[in-house]
Amino acid sequence: MTKAIFFDVDDTLYDHLIPFQKAVKPYVSYMESFPYEEAYHRMRYYSDKISVELGGAGQMEQGSATEAMKRDRFQFALNDYGVEIDLIQAERIQQTYFECQFDIELFPNARELIVELQQRGFIVGVLTNGAQAHQWRKIKALKIDQLIPLERIFVSGSYEWDKPDIRIFQHINDKTGTLPEQCTYIGDSWRNDVIGATSAGWSIIWFNHRKVARESNITLQGEVDNFDKLKHFIL
């Protein structure tokens, strides 16, 4: 049976912390030590939370509510660490963050692994949450579209479901002619990736390069923190 490997994008194929750190640093530099990684996770928590409240990634392309969400997530996250910013500052942070999101590159050995998997006969694809146009800009910046067939690149904003909704995984099975038991998903988010994939009957390799604690008792196919280890685990 042919095996299929699907990758998350943000903070799995590239370091999503770097754009966040560049955007936030001017507003926390007065602090002796700021927990960028923790604050980054809080920002993603608020981003997911507000996105769900607004109807999911398919509704996140544009509009005043979307712009407010992008601004508010930084206010909420930084406030959790005692950093108060006003609306203008939050908008500036969001703008810097937006601009830096496309100055990105794949993690070391990610490109080589994707190529080798396909050479060995694996079905390889991508599944990412987010607005369609925004995520495709990242995909093109990372040149993923030059590595993976376009029909195997799935952006949740193009559909009615976001991870962890099992329907997005089922849709991929339908479109690629695969079965859940053939598929392994590789992602960093416990809520979106681990819970979503396992609920859909897929195997999951948790890309835990942030070294965070497990959130529940879910059986993983594996846990890795870089692509060299991932390669040795899969092949």
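# A tour of the interior

A search of the whole structure finds one cavity of 30 Å³ or more. The model is predicted, with local features requiring pLDDT of at least 70, side-chain atom pairs counted only at pLDDT 80 or more, and totals for chains, interfaces and linings using all residues. Residues are numbered from 1 along each chain as its sequence is written, and side-chain values use heavy atoms, with hydrogens and water left out.

**Stop one: the cavity.** Select D11, H41, D188, W206, F207, N208, H209, R210 and V212, which line the largest cavity. The space inside is about 30 Å³. A cavity here is a set of points, on a 1 Å grid over the protein atoms alone, where a 1.4 Å probe fits but cannot get out; lining residues have an atom within 4 Å of a point. Points are joined across faces, edges and corners, and the volume is the space filled by probe spheres set on them. The lining has three nonpolar, three polar and three charged residues, where Ala, Val, Leu, Ile, Met, Phe, Trp, Tyr, Cys and Pro count as nonpolar, Asp, Glu, Lys and Arg as charged, and the others, Gly among them, as polar.

**Stop two: the nonpolar cores.** Select F7, L13, I144, F227 and L230, the residues with the most contacts inside the largest nonpolar core, which has 30 residues. Such a core is a set of buried Ala, Val, Leu, Ile, Met, Phe, Trp, Tyr and Cys residues joined through side-chain atoms within 4.5 Å; buried means under 20% relative accessible area, exposed over 50%, and partly exposed in between (1.4 Å probe, protein chains only). Two or more residues come from each of β1 (4-7), α5 (110-119), β2 (123-128), α6 (132-141), β3 (153-155), β5 (203-207) and α9 (227-234). Helices (H or I, at least four residues) and strands (E, at least two) are DSSP runs, numbered from the N terminus. The most, four residues, is given by α5.

Centre on I144. Not counting residues up to four places away in sequence, I144 touches V9, L13, L106, V126, I139 and I153, a contact being heavy atoms within 4.5 Å. Then select A4, W161, A197 and I218, which are included in a second, separate core of 20 residues.

Select I168, F169, H171, I172, N173 and T176, the buried residues of α7. Their cover includes β1, β2, β3, β4 and α8 (190-199). Just after α7, G177 takes a positive phi of about 70°.

Move on to Q182, in the loop between α7 (166-176) and β4 (183-187). Q182 is buried, with a relative accessible area of 12%. A polar atom of the Q182 side chain lies 2.6 Å from the backbone oxygen of T2. Beyond its neighbours within four places in sequence, Q182 is in contact with M1, T2, K3, A4 and G177.

**Stop four: two buried polar residues.** Select S156, in the loop between β3 and α7. S156 has 0% relative accessibility and counts as buried. The side chains of S156 and D162 are joined by a polar contact of 2.9 Å. A polar contact is a pair of N or O atoms within 3.5 Å; within protein, one must be able to donate a hydrogen and the other to accept it, and residues adjacent in sequence count only if both atoms are side-chain atoms.

Finish at N192 in helix α8, which counts as buried at 4% relative accessibility. Its side chain makes a polar contact of 2.6 Å with that of R191. Leaving aside neighbours within four places in sequence, N192 is in contact with D48, N129, K163, P164 and F169.

Methods. On a 1 Å grid over the protein atoms alone, a cavity is a set of points where a 1.4 Å probe fits but cannot get out, and a pocket is an open set with protein on both sides within 12 Å along at least five of seven lines; lining residues have an atom within 4 Å of a point.
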